[in-house]
Amino acid sequence: MDDPTEGNTTEPSGTMGDSESATEPATDTTADATATGTTTEAATTTDDTSTTTDDATTTTDGTSSTTDDTTTGVGTTGDTDECQAPATQPPCDEAGDDIFKAIGLNCSGDKATAIPIKNPVITAPDTSSYRVATHFGTAKDPMDPNQWAWAPKEGSRFLVIGSGTFPNLEGDGGLVEQDGQDTQPNGNPGELMQLPGVMHHEVGSNNGAGGTPFMNCDGVHDCSDTIANQWNGIGAGVAYDVFYMSFDLEVPQGTHGYLLDFAYFTEEWPNYVGDSVNDMLIVWSTSETFTGNVTFIDEQPLTVTALDPYMTILPGDPLLAGTGFPGDGEGAATGWYTAKGSAAPGETFTIAISVFDLGDNVWDTVGIIDKFRWDCMGCVPNEVDSCGIIPQ
């Protein structure tokens, strides 16, 4: 479906400094209006001159600014280099279950019209832990009853990942779950004492000593310093039912960042807020401009405890119909947000995405991921706390 955010702008309400992160609410679905395997391997002020089609943003390493949806792609980076991100990026997710194409990646090898990737990895032996779907749940958009509430941000499908198991898709490609259907473990890796793949929970700022989030990244650990306490301060420090994927990207010349849309659902809210049961959704970057977690809502990482104030789609909300999360006073969601990260023109770096149970293998968490795109202006690493935007 068409992206209703086109032409709408949401700006952060603060000022950022170096190597920083923030999240802004996306404003383009019913949910926004309300809250608004196997391992496989293969091979700000933005000034886009064509159109500003702002998505609300989670900023990692960024200035507080309006960020253009870089599918417009024409413009400058603040220096003399022309942004070579795709001017147009036709979706390629009409059919099939390719999880990379579902989020806007690897449609072709043509860098003028697509975002090719290298070394794609999926570590999820239990393939019921993810689905490429046309919609999630049965709720319709109150503003447009002809549209699904949880629908793709681009193209016709998006990626749904979880720490439980999903049923087969409906005839129309939708993912519909009964209440409590997710409360069972999957067959993915478990009892992990460390984060999977390229991710690390240890603090990475101040050259690995921590204490100065987003400054002087050590290039290995979490330079946002947001995961460590959630992992083994509040959380139990043991991950179960781990879905993990990663891919390598070559940044176009004149391009300084990227954006990716996400939403977070969990059965653990509100019963396990502040508890060692503290499921996580993480998007991780290994860019030379910033290494670490890039997904935040108002400075908070995506865990049950950290997001307690931002669970704005609550038990019983009609928007949760058919998602498996509406019943018995537990289960909630955040609405859509956009992760915004920085990158260096011409570099090759890795993005990794994971969702997992922390401290148990019963109560489950789901993430929706869609619409990866380049951001010509990107964001400037920042030396102050992220401004963030509280969901509206």
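A residue is called buried when its relative accessible area is under 20%, exposed when that area is over 50%, and partly exposed in between. In this predicted model, K111 has a relative accessible area of 47% and is therefore partly exposed, while E250, at 36% relative accessibility, also counts as partly exposed.

The side chains of K111 and E250 meet in a salt bridge. Because K111 lies in the loop between helix 2 (99-102) and strand 3 (118-123) and E250 lies in strand 8 (residues 239-250), the pair ties together parts that are 139 residues apart in sequence.

| Pair | Distance |
|---|---|
| K111 and E250 | 3.0 Å |
| R373 and D261 | 3.1 Å |
| K340 and D375 | 2.3 Å |

In the pair of R373 and D261, both residues are buried, and K340 and D375 are both buried as well.

Across the protein, which has three helices and 15 strands, buried residues make up 60% of the 392 residues. The protein exposes about 13,100 Å², of which carbon and sulfur atoms supply 48%.

The largest cavity has a volume of about 40 Å³, and its lining includes I227, N293 and P301. Strand 10 (280-287) and strand 12 (302-303) each supply at least two residues of that lining, with the largest share, three residues, coming from strand 10. The lining of the largest cavity divides into six nonpolar residues, two polar and no charged.

Definitions and conventions. Residues numbered from 1 in each chain as written. Predicted model: local features only at pLDDT ≥ 70, side-chain atom pairs only at ≥ 80, totals over all residues. Heavy atoms only, no water. 1 Å grid on protein atoms, 1.4 Å probe; cavity = no way out; pocket = protein on both sides within 12 Å on 5 of 7 lines; lining within 4 Å. Points joined across faces, edges and corners; volume = space filled by probe spheres on them. Helix = DSSP H or I, 4+ residues; strand = E, 2+ residues; numbered from the N terminus. Nonpolar A, V, L, I, M, F, W, Y, C, P; charged D, E, K, R; others polar. Buried < 20%, exposed > 50% of the residue type's maximum accessible area, 1.4 Å probe, protein only. Areas by Shrake-Rupley, 256 points an atom, 1.4 Å probe, with all protein chains shown as cover. Salt bridge = Lys/Arg side-chain N within 4 Å of Asp/Glu carboxyl O.
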